[in-house]
Amino acid sequence: MIVGQYTEAMEKRALFGLNLAELTGLMEALGQKPYRARQLFEAIYRQRVTSLDAVTTLPERLREQLSAGGWDVGLPVMAQTAVSVDGTERYLMRMADGETVETVWMPDGDGGERGDGSEAAEEEAGEVQSAAEAVAGGKSSFWERRANGRDRPNFGTLAEMGFRRATICISSQVGCAVNCQFCLTAKLGIRRNLTAGEIAGQVAAVLNRHRIQVGKDRINLVFMGMGEPFLNYDEFMKSVRLLVEGVGVPESRMTVSTSGILPGIEAFAGEAVRPKLALSLNASNDQVRAQIMPITRKWEIAQLLEAVRKIPLRTREWVTFEYVLLGGVNDRPQHAREVLRLLAGMRAKVNLIVWNPGPGIDYHQPEPKDVAVFQKMLIEGGVATYIRRPRGRDIYAACGQLKRTVAEDAGLVAIGS
Ligand code: SAH
Ligand code: SF4
């Protein structure tokens, strides 16, 4: 193979990921007026073009100039697609350097916004999940629709598929450094941070696939895929601003989940534009938490909760506490009592997540009756508590199951491309 001379211009430079100020700088460097940057910004984020040719507001010569300089839109590529029986889709997204992450599409929502007291409440009725169903793998509204003869082919728009809304679960890093013992992503270790463009680009790619009209279709975003967003804080927050100002998704429809990175939570409290917060509590005391989340040795529960209490909450905003139930480890009644003491006086809701198994991880799922008792105790203690519906377990798309090689591991055949 003959390897040609490397020149900088051969490397594709992604426009997707640049904010308006950066695009303005680029236009100025090319001797263009600032309004050209605004046109490019609109085309990339609002219209979600996938190639420079489609930016018809720019003169052809300028597009050629950009192209000659190595610039392209540069969205992540959907390298593989797996579709679950419940309508969930898992995508392997390939970045320019060949690294891959996973992104998940969950029509009907995944309950990430459940119990937030907003207008979403009435939509949530269908999401409420019994403990037995959660352990068994979840009641599937997709299956129900199918049984009712209202099934639609996949890959359609929300309306074509008969869904009212969808949630997109986004990755923030390639792998993760946090090493939670119950999580499959942890097995990858950390490979690198994603850039803001790569984070927001996952959203644009999925919106394009389903031909979503932001503003008309109801889309929620959860930063709950691979990685720890608060260990990639600046790029994560930049992606949020691109998604709000550019793509047009309101921040009230976004939730970021953190394993408890104290400096990140403190910085987050001071952000003018920010998603809602979810904290992966996962245990009711530091001893148990340190066993399953070693990061607890760095920042204890009390410190995390103190920082969370300082976040100025907006109208109708609640902080979500995620709690992965591991059979025999953190699912006893005494743990529920401790959780109630921890959350006393906070505008908090709890999302119970039945642990999703993964190869090589030695935990057990909780007994359905223990899940039910846990939920009941929290509710009776005055905390809104929901059991999160597991989505796409059959395609390894559920919480904590995201790992690049898993389709092969599980012998699943990816379909589509
Ligand atoms: N890194 C961030 C966000 C991604 S993980 C965080 O940890 O918060 C999203 C959620 O999935 C977290 O609440 C995490 O505790 C949970 N999770 C991880 N592995 C899981 C598994 N195997 N089963 C169920 N939930 C899991
Ligand atoms: Fe990382 Fe979150 Fe998995 Fe922990 S649960 S290893 S923080 S992705």
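**Close-up views of the predicted model**

**View 1. The end of helix H3.** Helix H3 is followed by Gly 70, and the phi of Gly 70 is positive, near 90°. Everything shown here and in the later views comes from a predicted model. H3 itself covers residues 60-68, and Leu 62, Arg 63 and Leu 66 are its buried residues. These three cover an arc of only 100° around the axis, so they end up on the same side of H3. What do the buried residues of H3 pack against? Their partners are helix H1 (20-29), helix H2 (34-46) and strand E2 (71-72).

**View 2. Helix H1, with its buried and exposed faces.** Now for one of those partners. In H1, the buried residues are Leu 23, Thr 24, Leu 26 and Met 27. Looking down the axis of H1, you'd find them within an arc of 160°, which is why they line one face of the helix. Ala 21 and Ala 29 are exposed, and they sit on the face of H1 turned away from that buried side. The buried residues of H1 pack against H2, H3 and E2. After H1 comes Gly 31, with a positive phi near 75°.

**View 3. Arg 48, a non-glycine residue with a positive phi.** Most residues other than glycine have a negative phi. Arg 48 isn't a glycine, yet it has a positive phi of about 55°. Where does Arg 48 lie? Look in the loop between H2 and H3. Is Arg 48 buried or exposed? Its relative accessibility is 9%, so Arg 48 counts as buried, the cut-off being under 20%.

**View 4. Arg 211, another arginine with a positive phi.** Here the phi is about 45°, again positive although Arg 211 is not a glycine. The loop that holds Arg 211 runs between H7 and strand E9 (218-223). Arg 211 counts as partly exposed because its relative accessibility is 47%, and that label covers values between 20% and 50%.

**View 5. Helices H7 and H8, where they cross.** H7 spans residues 196-209 and H8 spans residues 233-247; their axes come within 7 Å and cross at roughly 40°. That angle makes H7 oblique to H8. The crossing of H7 past H8 is right-handed. Which residues meet here? From H7, zoom in on Ala 196, Ile 199, Ala 200, Val 203 and Leu 207. On the H8 side, their counterparts are Glu 235, Phe 236, Lys 238, Ser 239, Leu 242, Leu 243 and Val 247. Sort the residues of this H7 and H8 contact by type and you get nine nonpolar, one polar and two charged.

**View 6. Helices H9 and H11, packed together.** H9 (residues 262-269) and H11 (residues 301-309) pack at an angle of about 10°, and their axes are 9 Å apart. That makes H9 roughly parallel to H11. H9 brings Leu 262, Ile 265 and Glu 266 to the contact, where they meet Gln 303, Leu 304, Ala 307 and Val 308 of H11. By type, the residues in this contact of H9 with H11 come out as five nonpolar, one polar and one charged.

**View 7. Thr 185, a buried loop residue.** You'll find Thr 185 in the loop between strand E7 (173-175) and strand E8 (190-193). With a relative accessible area of 4%, Thr 185 is buried. How many residues separate Thr 185 from Met 226 in sequence? They are 41 residues apart, and from C-alpha to C-alpha the distance in space is 6.2 Å. Leaving out residues up to four places away in sequence, Thr 185 touches Gly 175, Cys 176, Met 226, Gly 227, Gly 400 and Leu 402.

**View 8. The whole chain, for context.** Zoom out and the protein chain has 14 helices and 14 strands. Of its 417 residues, 57% are buried. Take the contacts between residues at least 6 apart in sequence, and 70% of them join residues at least 24 apart.

Technical notes
Residues numbered from 1 in each chain as written. Chains lettered and ligands numbered in written order. Predicted model: local features only at pLDDT ≥ 70, side-chain atom pairs only at ≥ 80, totals over all residues. Heavy atoms only, no water. Buried < 20%, exposed > 50% of the residue type's maximum accessible area, 1.4 Å probe, protein only. Helix = DSSP H or I, 4+ residues; strand = E, 2+ residues; numbered from the N terminus. Arc of directions from axis to C-beta. Contact = heavy atoms within 4.5 Å. Axes fitted to C-alpha atoms, helices over the stretch in contact; angles between N-to-C directions. Parallel < 35°, antiparallel > 145°, perpendicular 65-115°, else oblique. Left-handed = near helix turned anticlockwise from the far one by under 90°. Nonpolar A, V, L, I, M, F, W, Y, C, P; charged D, E, K, R; others polar.
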